[in-house]
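Subject: Model for you to look over

Hello,

Here is the model I said I would pass on. Please open it beside this message; my notes follow below.

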Amino acid sequence: MSIWEFANPRRFMGWSGKVVPVVSVLAGVFIAVGLIWGFFFSPDDYRMGSTVKIIYIHVPSAMMAINIWVMMLVASLIWLVRRHHVSALAAKAAAPIGVVMTLIALITGAIWGQPMWGTWWAWDPRLTSFLILFLFYLGYVALWAAIENPDTAADLTTVLCLVGSVFAVLSRYAVLFWNQGLHQGASLSLDKEENVADVFWFPLVTTIVGFILLFVALVLIRTRTEIRARHLKALLARERMG
Amino acid sequence: MIRLLVRDLRLAMRAGGGFGLGLAFFLIVTVLVPFGVGPQPELLARIAPGILWLGALLACLLSLDRIFQLDFEDGSLDLLATAPIPMEGVVAVKALAHWLTTGLPLTLAAPVLGVLLSLPGPGYGWLVLSLALGTPALSMIGAFGAALTVGLKRGGLLLSLLVLPLYVPTLIFGTEAARRGAEGLSAGTPLMLMAGITLGAIALLPFAAAAAIRVNLR
């Protein structure tokens, strides 16, 4: 049996229906544990005080904002190569979640930046690239919304996603070239010494896992809705025919 | 392909609008800036490269939907799709025609408007050079955006939303080159990076745009 059989809409509805409740509950548990742990049972940072607690929302949402785009890219490629409708619908379903995650990252970042840097917004490379990523998401969602024929929309958004990925990476480096940064570097890489301390790290990883599960649950739910909507349209068309 | 280019150029000249409109828009944007920020020469000189680049970019954006829309409506795009030349070639030629009617005049007009914004002396050459190297990328990226939205009834606004984020790298390197040139610094690095973007766009985007047009003609 090949892995692609899971992409058959009927089978997809079958297994995703069973998976969604589990993933949703797990996501809720992980996020709740991580946030409560982070908010009430981890110490304040000696320089940042209590504002460090924003990290438990800021970092997971920022990670998801980037990874959701990558997931959309992969789903679009699968649609392009293998023409699995579920794949295109999953990319469509993921985009608005990506918009929200990017927005959360930007807003929590602004709230964090106010006390730390003394400003809500700075044209720092990381902040600027996130704003540009946000614009890319908006364009992608708008293109999906504008085209009526679902297959045409899937094809065109796929092309946009591929080209957009290239330009998103280009913008990232162009922005680095354009202005020097205020934002700190990576704080979670596996091979560096400058990671965040363990007391912050464990609850942070918990919320990150929670956000990933939340994203999986939301994507599955939204994809199921899309499949149902399409099924409904087909049924209505059949009824009209005869 | 040459005949297609000549046809497009002729259409742009005779159909009115496209050719002069972009230039007039560029002029108006640059004239409005001093009203917005005040007439101090030092301030204007500092922001002049950015304003001129931004004005050129917006003027370019204005005429993008004309690249494919008219041909799509009267059916000549279908004819071109069945013609012996590949769709990628059609896209490249149309982007070239757009550049010749928009990017090139803008580049030539930019130094004149630079005078209005009291652009510093050494900046003129770099400004023209950066625009000459950067506007082809704007036309090519724009042709890709136009190809995506050609089948839509009200594609204009969506086209801007899709294309503007794609313009970010070109704009950054272009203004950086022009600004460094105006301040007498060495502008080679951003200029080369921007030329790289332009070449990459010309090499790859015709394929993406042609794929989008084929989908839209389906």
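This is a predicted model. I begin with one pair of helices across the two chains. The axes of helix 5 (residues 150-178) of chain A and helix 8 (residues 155-182) of chain B come within 9 Å of each other, and they cross at roughly 30°. Angles under 35 degrees count as roughly parallel, and therefore helix 5 of chain A and helix 8 of chain B are roughly parallel to each other. The crossing of these two helices is left-handed.

Which residues meet there? From helix 5 of chain A they are L160(A), F167(A), L170(A), S171(A), A174(A), V175(A) and W178(A).

Next, the contact between the chains as a whole. In total, 22 residues of chain A are in contact with 20 residues of chain B. On the chain A side, the elements that give two or more residues are helix 4 (125-146) and helix 5. Helix 5 of chain A gives the most to this side, with 13 residues. By class, the side of chain A that touches chain B has 18 nonpolar, 3 polar and 1 charged residues.

Now chain B on its own. Chain B has 9 helices and 0 strands. The C-alpha trace of chain B spans about 55 × 35 × 30 Å along its principal axes. For 218 residues, a compact globule would have a radius of gyration near 17 Å; the 18 Å of chain B agrees with that. Of the 218 residues in chain B, 52% count as buried. Among contacts in chain B with a separation of 6 or more, 81% come from residues 24 or more positions apart.

One residue in chain A is worth a look on your screen. R83(A) sits in the loop between helix 2 (55-82) and helix 3 (85-117) of chain A. Its phi is near 55°, a positive value in a residue other than glycine.

Regards

Notes. Residues numbered from 1 in each chain as written. Chains lettered and ligands numbered in written order. Predicted model: local features only at pLDDT ≥ 70, side-chain atom pairs only at ≥ 80, totals over all residues. Axes fitted to C-alpha atoms, helices over the stretch in contact; angles between N-to-C directions. Helix = DSSP H or I, 4+ residues; strand = E, 2+ residues; numbered from the N terminus. Parallel < 35°, antiparallel > 145°, perpendicular 65-115°, else oblique. Left-handed = near helix turned anticlockwise from the far one by under 90°. Contact = placed C-beta atoms within 7 Å. Nonpolar A, V, L, I, M, F, W, Y, C, P; charged D, E, K, R; others polar. Rg over C-alpha atoms; globule rule 2.2 N^0.38 Å. Buried ≥ 20, exposed ≤ 12 C-beta atoms within 10 Å, placed from the backbone.
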